[in-house]
Structure formats: structure tokens, C-alpha cells
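Subject: Structure for you to look at

Hello,

The structure we spoke about is below. Please open it first, then read the notes under it.

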Amino acid sequence: MRASFKNKLVFALSVFLLGCSSLEQESTPKEKDKVVSYAELIYPQDPARIKTTKGANELDLEKPLRCYVNWDTQEMISTIPYNVSAFNLKRNGRDDPLPKYDVNGFSFDTMSAEKAFKKLLEKASIKVVAKDGPYTSISAENLRGDLTGVVSMLANAAEVYYSYNSDKKQLTLSRKANYSLFIPHSRMILLGLLDVLRGAGITNTTVDWDDYSITMDADSELINKIQNLIKYFTDNPVLITYDVSVLKLQPYNGKDVKWQRLLKSFDFGTIKTTKTGVIGRVLTSSNELNIQNLQQFLSQQAKVEIISQGKFVVPEQWYARFDVGKCGKRSSAEADLSILTRTYLEKNDNRLFSEITLDSTNGEITKFNMRGRLGENFLIFGIPNQIFGDGTEHSETVVFMVPRLIRTMKTLKPIKNNF
């Protein structure tokens with residue numbers, strides 16, 4: 001289409017120029033023999049091929065909090081006060097009140113939700129717009145009450161949202177609505193809620209670190225999860241935070257790292273348990289094995305590269321996710337790696353039961369169920385880097401995780417900003 005238009009335009013320009021030249025009264029033979037060149041027409045690039053600059057994409061307000069770990073000070077149990085009335089879930093956007101009508105005996109057989117709304121509202125001359133229909137089919141018999149109540153009942157049955165514009169007399173239906181979740185002024189609680197959303201696969205969120213809010217497009221299922229999460233904080237507010245370091249090992253001699261040597265390098269009893277997964281292994285250890293002396297041990301056999309380190313927060317019995325690429329080089333082969341965790345606290349003896357899954361954009365890599373005590377660390381090792389497209393033989397990825405417990409304390413008093 002563009003080539004055809006360009007050819008026509010060049011032809012038109014040629015006729016125009018030739019016409020102009022015929023008006024010249026005197027022309028030398030040399031001037032007539034000259035070749036006329038036309039300026040090339042440059043069309044705009046396809047917008048789909050133009051991307052935001054790399055530097056702009058790398059701006060991340062969360063990173064200074066997410067990707068900092070104080071390995072020297074590891075407080076196993078801490079308390080965060082929060083104002084219980086600070087949780088607030090608010091829907092954004094325009095939504096005018098519906099006209100005041102009474103509905104008397106509205107019935108219909110099974111039909112799609114948008115058709116049911118159209119049938120209900122046609123006498124009120126209200127236009128219905130289905131943004132992402134068709135929706136699920138519903139039926140009703142003898143519905144009565146005010147118009148707002150009946151519309152709400154239909155929307156709940158179809159699991160859709162509606163908004164009304166009184167100027168246009170238009171009701172808009174959609175599967176999702178834009179919400180803001182306002183939380184107590186605690187950055188640790190905010191990180192925890194973000195990690196829960198990511199554990200549920202919700203990544204398209206906007207965080208306001210000044211008013212402590214998370215804005216997102218949510219369907220009814222996600223809103224129910226958020227409401228249950230708010231209830232959780234009211235009833236049983238316990239958080240488990242994990243400090244994480246992800247290491248890449250390149251053995252010096254082209255052979256596998258000899259992990260058996262751990263038992264000679266550390267006192268007996270430092271390594272508590274070991275378990276084998278579909279790929280890789282996991283062990284629990286006392287604090288005698290920490291990130292510093294682990295790196296010293298590994299550096300005797302391999303080149304050790306820190307791929308990523310940071311923290312993530314898991315409300316008890318919820319899933320939370322740590323994305324390795326968020327706290328490391330996004331160009332690295334391991335940037336697609338994610339750590340998905342759900343943790344249960346056995347309150348009698350401060351034991352933790354943790355489900356730890358390593359996955360990537362290609363799917364689940366491996367999974368472990370581990371039981372340990374507060375003060376013990378998790379070490380996942382033996383993950384071949386060939387999984388991430390790194391062809392280096394015997395190279396492997398290691399994940400070191402330190403769990404810590406945070407008890408949240410409800411209060412009605414105003415709370416200053418805290419981490």
C-alpha cells in the first residue's frame with residue numbers, strides 16, 4: 001500500500017516538474033540533458049518496533065529496598081506495629097449513581113450477561129457497552145428492587161464490573177476494574193503485599209511509596225484474594241521474610257563442585273538435613289554456615305559470581321515470589337529464574353514448613369518441601385546452568401536463603417513511617 005502510494009506521488013511530482021520545465025523560454029542543451037533527482041520520502045517507523053529506551057526501563061523505585069540485605073545483622077524475630085484501620089481498598093474511575101427506578105418482576109432465561117443488562121435497561125434508554133465481552137451466561141426470575149440493587153446482583157452473578165456515565169446515559173461492563181489498595185505505613189508490609197500479588201501472577205501494578213498504595217487492574221477473583229489478605233492481617237498477622245543470595249559457580253578444573261567437602265570444612269551438626277528434588281538438592285544448616293563463609297568455601301573450587309541478592313516477604317500460608325532478575329543483571333542467563341515460596345509456622349516450637357519452587361518463563365524447574373527451625377538456613381544447590389541456556393559444562397546455580405520472622409502488632413494509634 002505504501003509502495004503504491006509512493007510510486008503515484010513520485011509520478012505526480014514528475015509530471016509537475018516536467019510541466020514547470022516546459023514553461024521555461026530558454027534552456028541550454030546541457031540543462032535539458034540533466035537527470036532530475038527526487039527527494040526520498042521517509043515514512044514513520046512502525047510503532048510496534050519502537051521500544052522504550054533501556055535506561056528508562058531500568059528505573060525501579062522498589063529496587064533500593066528490595067535488593068539490599070544486611071548480612072551482618074540478622075535479627076531472627078522482630079515486631080512491626082501497624083494501624084489496623086489503615087487498610088482500605090478503593091475502586092478508581094468515574095461511576096455515577098444510576099437513575100432511581102424500581103424493578104418489578106424482571107425475569108429472563110439463560111443469556112449472556114451483556115444481553116441481560118441490555119434487556120433490563122432498554123426502557124430506561126441506557127446504552128450498554130461490553131468492553132471485553134461476551135460474558136458468562138446467567139438467568140433470573142422475578143427480580144425486584146431498586147435499579148442499583150438489581151444491576152449489582154446481575155454483575156455479581158456474572159462476575160463483571162459496571163460503571164455508569166450519567167452524561168452519556170451509558171453503562172460500561174468489564175471483567176476488570178482499577179483498584180487502589182492503601183496499606184499501613186510499613187515498607188515491609190508493602191513488600192509483602194507486592195510479593196503476594198506476584199505469587200498470584202499479578203505483576204502489572206503501580207506502587208506509590210509516598211501514600212503506601214498499590215494500584216492495579218483486578219478481576220473479582222483477585223479482589224476476593226485481597227480482601228482475604230486484609231482479613232488475614234486482622235486475624236493472624238505473621239510475616240516470614242527471606243534474605244536471598246543467588247550465586248553462579250564456574251569450577252576451576254572443569255569438574256563438578258565437591259559438596260561433600262562441606263562436612264570437612266564445618267563442624268559436625270552444622271548441616272542439619274538434606275533432600276533431593278527432581279533437579280538439584282536442598283540442605284538446612286545452622287548459622288555457622290552463612291553467606292560469607294559459604295562463598296569462601298566455594299571459592300576454593302570455583303569462580304563465584306553473585307547473580308542477585310535481595311529480600312521477599314511471605315505472609316504465613318500465602319504464596320510469594322522473588323524474581324531474580326529484579327535484583328540482578330537482566331541480561332544474565334538466570335534473570336528469568338523466580339523463587340516461589342509458601343511457608344507455614346508451627347507456633348509451638350518455632351518450626352517452619354516451607355514449599356520452595358524454582359521456576360522460569362519456561363515452567364517449573366524443581367520443587368522442595370522443607371521443615372526447619374528459625375535460625376536455620378536453606379541452601380539449594382546442584383542446579384545446572386544449562387537449564388538457563390548457559391552451555392558451560394559443570395556450571396551451576398546456588399540459592400542461599402535465610403528466613404526471619406516478623407510479628408505485626410495491631411494498634412489504633414497513628415504510626416510513623418517504618419520499614
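**Notes on the model**

S245 is found in strand β11, residues 238-251; helices (H or I, at least four residues) and strands (E, at least two) are DSSP runs, numbered from the N terminus. This is a predicted model, in which local features need pLDDT of at least 70 and side-chain atom pairs count only at pLDDT 80 or more, while totals for chains, interfaces and linings use all residues. Residues are numbered from 1 along each chain as its sequence is written, and side-chain values use heavy atoms, with hydrogens and water left out.

Is S245 buried or exposed? S245 is buried, with a relative accessible area of 0%. Buried means under 20% relative accessible area, exposed means over 50%, and partly exposed is in between (1.4 Å probe, protein chains only). Leaving aside neighbours within four places in sequence, S245 is in contact (heavy atoms within 4.5 Å) with W71, I291, I306, S308, Q309, V398, V399 and F400.

**The chain and its confidence**

The chain has 10 helices and 20 strands. Of its 419 residues, 45% count as buried. Among contacts between residues at least 6 apart in sequence, 70% join residues at least 24 apart.

The average pLDDT of the chain is 84, and 85% of the residues score at least 70; pLDDT is the predictor's confidence in each residue, from 0 to 100. Over residues 1-43 the pLDDT stays under 50, and the model has 12 contacts beyond four places in sequence for this stretch. Where pLDDT is low, the predicted coordinates should not be read in detail.

Axes here are lines fitted to C-alpha atoms, for helices over the stretch in contact, and angles run from 0 to 180 degrees between N-to-C directions.

The antiparallel pairing of β9 with strand β10 (residues 213-218) covers 4 bridges. T206 has T215 in β10 as its bridge partner.

F87 is found in the loop between β1 (77-83) and β2. With 12% relative accessibility, F87 counts as buried. Not counting residues up to four places away in sequence, F87 touches Y82, F182, I183, P184, L193, I230 and F233. F87 and Q227 are 140 residues apart along the chain, and their C-alpha atoms are separated by 9.8 Å.

**The sheet with β15 and β18**

Another open sheet of 4 strands has the order β15-β16-β17-β18, with antiparallel pairing. Which strands stand at the edges? They are β15 (319-323) and β18 (363-373), each with a single partner strand, so one side of each is left without a neighbour in the sheet. The twist from one strand to the next averages 20 degrees.

β15 and strand β16 (residues 338-346) run antiparallel and are joined by 5 bridges. D323 stands opposite S338 in β16. Helix α7 (residues 187-199) lies across β15 and β16, at about 95 degrees to β15.

**Nonpolar cores**

A nonpolar core is a set of buried Ala, Val, Leu, Ile, Met, Phe, Trp, Tyr and Cys residues joined through side-chain atoms within 4.5 Å. The largest has 65 residues, of which L193, F233, V244, F312, I339, I380 and M401 touch the most other members. Helix α7 gives the most to this core, with 8 residues. A second, separate core of 26 residues includes F108, L120, V160 and Y162.

Regards

Technical notes: Two strands pair if DSSP finds at least two bridges between them.
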